[in-house]
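Me: Hi! I'm new to this one and would like to talk through its charged side chains. Could you show it to me?

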Amino acid sequence: MARESYFVDWSDPPFPKILNIKFAAGYAEPRTLTEAKREIVDHFRNDISHAREQIRLVRELRAEDLVVS
């Protein structure tokens, strides 16, 4: 039995889709279902980490830190 190959469609970044590779354009990298799921999870974990860091930085701002040009 052949393993199915998938790819992650990032055409709508907030809502990625896992699709069968047969629906992919030539540039898609074939992945197992587990790899495709992991790609999405890792991507959003990085986004969450970045958002948390930005929130922390904004909370620490003081009036003196703002640059007015």
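Reply: Happy to! Let's begin with a term: buried means under 20% relative accessible area, exposed means over 50%, and partly exposed is in between (1.4 Å probe, protein chains only). This is a predicted model, where local features need pLDDT of at least 70, side-chain atom pairs count only at pLDDT 80 or more, and totals for chains, interfaces and linings use all residues. Residues are numbered from 1 along each chain as its sequence is written, and side-chain values use heavy atoms, with hydrogens and water left out.

Me: Thanks! So is arginine 31 buried, exposed or partly exposed?

Reply: Arginine 31 is partly exposed, at a relative accessible area of 22%.

Me: And how many salt bridges are there?

Reply: There are 7 salt bridges, counting a side-chain nitrogen of Lys or Arg within 4 Å of a carboxyl oxygen of Asp or Glu. One of them joins glutamate 29 to arginine 31, with 3.7 Å between the closest N and O atoms.

Me: Which residues are linked in a network with Arg31?

Reply: Glu29 and Glu39 are linked with Arg31 in a network of salt bridges.

Me: New topic: what does arginine 56 meet in a salt bridge?

Reply: Glutamate 53, at 2.5 Å from N to O. Arginine 56 also meets glutamate 60 in a salt bridge, at 2.8 Å.

Me: Where do arginine 56 and glutamate 53 lie?

Reply: Both are in helix 1 (residues 33-60), 3 residues apart, about one turn of the helix. Helices are DSSP runs (H or I, at least four residues), numbered from the N terminus. Glutamate 60 lies in helix 1 too, 4 residues from arginine 56.

Me: How accessible is glutamate 60?

Reply: Glutamate 60 is partly exposed, with a relative accessible area of 46%; for arginine 56 the value is 36%.

Note on methods. Helix = DSSP H or I, 4+ residues; strand = E, 2+ residues; numbered from the N terminus.
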